[in-house]
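Dear colleague,

Please find the structure below, handed over together with some notes on what was found in it. I would be glad if you read the notes with the model open beside them.

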Amino acid sequence: MKNIILTSNGFINSSPRSKEIDELFQKITKEKKVLIIGNATLGGSNASQREAIKNNFENVGAKQVDIIDITKENINDILTYEIVYTMGGDPRYLLDLVETTNIKEILTKFLKSGGIYIGESAGSMILGNNLKWIWEIKKGTKPKYDIKPTSYEGLGFTTYNIFPHWNTVKEDIKKKVLEYSETITPLNDGEFIEIEVFQAK
């Protein structure tokens, strides 16, 4: 089984999911311990979905589901779970996590030990090498994209530059994406990509 799943809208209820993604989540999370990383919601974006996602995992048979905002103090808790689901929201908070903690090292250990990572929106974006493209394309669309983060460095687990919610993106932004110098992978709500990195030992 692939150990990274890149999604657009993941397991949220506010936009349509596909039958395939619901079946996949049920298959991989049944009887497993699931950690929901909520850091991207700290600015309020997507925060209302936290409990709903937890309930969705419980409803497909996960034996334990916890929502945690990761810090330097609790980051090793990741290694006690079998599934890590990183919520969407504001990617800036995930960039801060990469810059200020050893989360890349911890997630590498997690994946090598057989864990599965599921990204939702920003949680998928952060797996790329560099997220500067997001700010360059979205500058002027929201105040948060007019303020540059201190670092654009992502986790570097994939070469995909995921642009989520493609089915809802305005035409002027789509035009910028298509003209951008680097390859960007659009992902509609309900779609997902499975990849394997750090093959489990």
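A cavity is, on a 1 Å grid over the protein atoms alone, a set of points where a 1.4 Å probe fits but cannot get out, and its lining residues have an atom within 4 Å of a point; grid points are joined across faces, edges and corners, and a volume is the space filled by probe spheres set on the points. This is a predicted model, in which local features need pLDDT of at least 70, side-chain atom pairs count only at pLDDT 80 or more, and totals for chains, interfaces and linings use all residues. Residues are numbered from 1 along each chain as its sequence is written, and side-chain values use heavy atoms, with hydrogens and water left out.

The count comes to one cavity of 30 Å³ or more, and the largest cavity has a volume of about 70 Å³. Among the residues that line it are Ile-37, Thr-86 and Tyr-117, while α3 (91-100) supplies the largest share, three residues.

Helices (H or I, at least four residues) and strands (E, at least two) are DSSP runs, numbered from the N terminus, and two strands pair if DSSP finds at least two bridges between them. An open sheet of six strands, with mixed pairing, runs in the order β3-β2-β4-β5-β1-β8, and its edge strands, β3 and β8 (192-195), each pair on one side only. Within it, β2 (residues 33-37) pairs with β3 (residues 64-68) in the parallel sense over five bridges, and Lys-33 has Gln-64 as its bridge partner in β3. Strands β4 (residues 83-86) and β5 (residues 116-120) are likewise parallel, over four bridges.

With best regards

Technical notes: 1 Å grid on protein atoms, 1.4 Å probe; cavity = no way out; pocket = protein on both sides within 12 Å on 5 of 7 lines; lining within 4 Å.
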